[in-house]
Structure formats: structure tokens, C-alpha cells
Amino acid sequence: MTDTERQRPSLSFEIFPPNTKTSNELLLDTLDELQDLGPHFISVTCSNKQANLQTTTLKLAGYIQKNLKVPSIAHITAAYSSKQEIREALQTLDRFKTKRILALRGDIYEDKQPTGDFQHASELIQFIKKEDPTFQISGACHPEIHPEAASRVADLHHLKEKVDSGCDDLITQLFFDNDIFYRFRENCEMVGIDVPIYPGIMPIVNRNQALRLIQTTKTALPRKFVAILEKYEHDPDSLRAAGLAYAIDQIVDLVTQDSAGIHLYTMNQSQTALSIYRATKTLFKEESLVV
């Protein structure tokens, strides 16, 4: 491997566990195609509303690690997990030889009382590091400020606490304005957060996805991005093409500005990931970090 290859950023993907037999079969096909792209890792989401962490996120992360020979990251949430459940999750992941976790607080629901064992992601990180320090832990971060944070300064303070608790790297929530990420990265450096930060990019390729985004997120939408949504709202093929082009432009700019890597929110769509990979593959490491 040349020095240039060593310096190239990583490319990774996020998927979510399926909820039906049919979607499970489609996901397995998707994973086969993602495997061929040699990702740095594939992360598997979880939800506080999931029926069973063991049979969803952990099982799928183990499949990726053992069957596909691709490093996997299992998302684990703090708010509704007990210490015993976390111990059992760590034991399961250890059996699967999956040694990476994305530690999150997770959403809080009005009709569901948290367990009380962990109030914040930082507490979950500290617990995992104490139970088994061999795990590598990623944390989530918000370039545009966490929606519950009192201020940007307070948000950075809490993020620094998370990193100091044992967080090895950070993965951002999605964003569409790279300048916001650059300002966030500079602020992190100013407060002493020196772990790798992986920008999270979500290509918007269909109208329903765009509408959900507008309705459920406070993410800033640049004029150029809004223009795409408005112009091609009723033209699916053009919206997909323009959405991919926008994401590719973001990625090229982020890589040019020395981002540690790109984490692609695939929405379990391999063709979206493949299109972006084909357009940007020379920017990334060409070898898979197989373990």
C-alpha cells in the first residue's frame, strides 16, 4: 500500500435491521453488494422501540462481521437499557468478534419510562469501557447543535465529556451544508476534541424521503438543495439524479478538506451507495479493512 493510499479517507455505510421477511431478504442482497465496495465498516442501527436488541441489531452486526468479513459497528442506546442488558450485549458481540459500538442515548418517548441506569451516552461509554476496555466506541454528534442543547457552547461541553469518557471517534448526524460541518470541526478543535470525526451524508433520491426530511428534521437546507427539491418534486428520475449529484458534490468537497472519512446513510439502498462509490471511489481507500 502506498503512502497516498494510507492517507485516503475511509468510506463506511449505515444500514437498519429489517422488520419483515421480505425486507430481510432484500437487505441480505444489499449487504452482498455493499461488501463488494470494500467499506471501512458497516454500522447497524437500533431503536428504543425495537422488540429485541439481541435478535435485531446484534444479530445483524454479527452476520456482517462473521459472514461478510467486514468490520461492523452495533448501535446501542442508553436510555432504555439496563446494566445487565448491556453486559449481555457485550458478551454477544464478543462472541461475534464484533468489537465496535456506537453508543447513543437514544430517543425518549413520553409513554415509555427510561430504566434509569444510564441517563446519557457518556455514562454508557464509561460503563462499557469499564466492563470491557477492548471495545472501540464511536459517538454521535450534531454539527448544527443537538436539538435539546441549551446552547452551542453547552453542546460542545457535553460532547467533550462524551469523548473524555472513552469515545474513540465521532459520526455526525446528516447535514447538507458543508460549511456548517467545517465550523463544527473547528469548534471541536478549540475545545480539545481531537478524535476522528466522520461526516454523515444522506443522499436524497426520492420525494417521500425528501418530505420526511423536511417534516422531521431541523437540518439547515441550503438554497441549492431546496431548489432541487422544488424543481424535481414530481420528476422521480431527475430528483434521483440531482440528489445523487448533490451528495457526490458534498463528498468531494469534504474529502478535499481532509475529512477523516465519509459515513453514508444508505437507507438500505445498495444502488444509491453503488452510484456514489463509482463516482468517488478513487478518493477512498481501495482495500477493505477485513478482520
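Is phenylalanine 175 buried or exposed? With a relative accessible area of 0%, phenylalanine 175 is buried; here buried means under 20% relative accessible area, exposed means over 50%, and partly exposed covers what is in between, with a 1.4 Å probe and protein chains only. The model is a predicted one, in which local features need pLDDT of at least 70 and side-chain atom pairs count only at pLDDT 80 or more, while totals for chains, interfaces and linings use all residues. Residues are numbered from 1 along each chain as its sequence is written, and side-chain values use heavy atoms, with hydrogens and water left out.

Aromatic rings come next. Searching the whole structure turns up 7 aromatic pairs. For the record, rings of Phe, Tyr and Trp (its six-membered ring) pair if their centres lie within 6.5 Å, and planes under 30 degrees apart count as stacked, over 60 as edge-to-face and the rest as tilted. One of these pairs joins tyrosine 80 and tyrosine 109: the ring centres are 6.2 Å apart and the planes sit at 25°, so this pair is stacked. Tyrosine 80 is in the loop between strand S3 (72-77) and helix H4 (83-95), and tyrosine 109 is in the loop between strand S4 (100-104) and helix H5 (121-131), so the pair ties together parts that are 29 residues apart in sequence. Helices (H or I, at least four residues) and strands (E, at least two) are DSSP runs, numbered from the N terminus. Both partners fall on the buried side of the cut-off, tyrosine 80 at 10% relative accessibility and tyrosine 109 at 19%.

The charged end of lysine 112 is over the ring of tyrosine 80, 4.7 Å from its centre. Lysine 99, for its part, lies over the face of phenylalanine 135, 4.0 Å from the ring centre.

On to the cysteines. The whole structure holds 0 disulfides, a disulfide being a pair of cysteine sulfur atoms within 2.5 Å. Cysteine 167 is buried at 4% relative accessibility, and cysteine 188 is buried at 0%.

Helix packing gives two examples. Axes here are lines fitted to C-alpha atoms, for helices over the stretch in contact, and angles run from 0 to 180 degrees between N-to-C directions. Helix H2 (residues 21-35) packs against helix H11 (residues 270-280) at an angle of about 15°, with the axes 9 Å apart. That makes H2 roughly parallel to H11: angles under 35 degrees count as roughly parallel, over 145 as roughly antiparallel, 65 to 115 as roughly perpendicular and the rest as oblique. The crossing of H2 and H11 is left-handed, meaning that the near helix is turned anticlockwise from the far one by less than a right angle, with clockwise giving a right-handed crossing. Helix H6 (residues 152-164) and helix H7 (residues 178-190) have axes that come within 10 Å and cross at roughly 60°. That makes H6 oblique to H7, and H6 passes H7 in a right-handed crossing.

Finally, some backbone angles. Most residues other than glycine have a negative phi. Lysine 69, in the loop between H3 and S3, has a positive phi near 60° and is partly exposed, with a relative accessible area of 43%. Isoleucine 145 also has a positive phi, about 90°, although it is not a glycine. Isoleucine 145 lies in the loop between strand S5 (136-141) and H6, and is partly exposed at 26% relative accessible area.

Conventions:
Lys NZ or Arg CZ within 6 Å of the ring centre and 35° of its normal.
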